[in-house]
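Dear colleague,

Please find the structure below, followed by a short account of what was found in it.

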Amino acid sequence: MKLKQAVLLVLLAFVPAIGQAIYFRDKVSWQTPVPASEMVTVAQAREWGDNATWIDARPAEEFSQDHVPGAILLNEDHWNELLPQFLVLWSPEKKIVVYCSTQSCNASREIAHRLRSEAQLKNVFVLQGGWEEWLKAKR
């Protein structure tokens, strides 16, 4: 009897896991890597100078502590209210560099994807290494 209960518990534990796998199947970063042509290094982005608009995809608390000079906050948590503010400042001739905390952070990839697909913007790049890499390059 105890073996049947144990097997039943294990099977029931898989139900939420399967549900999550189905729900998040398109949201897992390793399934949709950013093509190399859509990535940019700190050095490359700095070379663009004033021809680049910086987007900080981190939470507002992190942005308020420190960010790339001139960066604009645009994150998933407040997308609907921040996107219109960004679009007022956006200039089509400038390249957009999106960053978040680290290379493994998926927020910059999500924001870049949404800028391309929902806002129909071109020249959107993800910063390799994110904020962490920016800080290293500042030293």
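Gln120 is exposed, with a relative accessible area of 57%; exposed means over 50%, buried under 20% and partly exposed in between (1.4 Å probe, protein chains only). Gln120 lies in the loop between helix 5 (107-117) and strand 5 (124-127), and its phi is near 60°, a positive value in a residue other than glycine. Most residues other than glycine have a negative phi. Asn123, found in the loop between helix 5 and strand 5, also has a positive phi, near 55°. Asn123 counts as partly exposed, at 39% relative accessibility.

This is a predicted model, in which local features need pLDDT of at least 70, side-chain atom pairs count only at pLDDT 80 or more, and totals for chains, interfaces and linings use all residues. Residues are numbered from 1 along each chain as its sequence is written, and side-chain values use heavy atoms, with hydrogens and water left out.

The protein chain has 6 helices and 5 strands, taken as DSSP runs numbered from the N terminus (helices: H or I, at least four residues; strands: E, at least two). From the N terminus, their order is α-β-α-β-α-β-α-β-α-β-α. Of the 139 residues, 33% count as buried. Among contacts (heavy atoms within 4.5 Å) with a separation of 6 or more, 67% involve residues 24 or more positions apart.

The protein chain exposes about 9000 Å², of which carbon and sulfur atoms supply 58%; accessible areas come from the Shrake-Rupley method with a 1.4 Å probe, and for residues only the protein chains shown count as cover.

Yours sincerely
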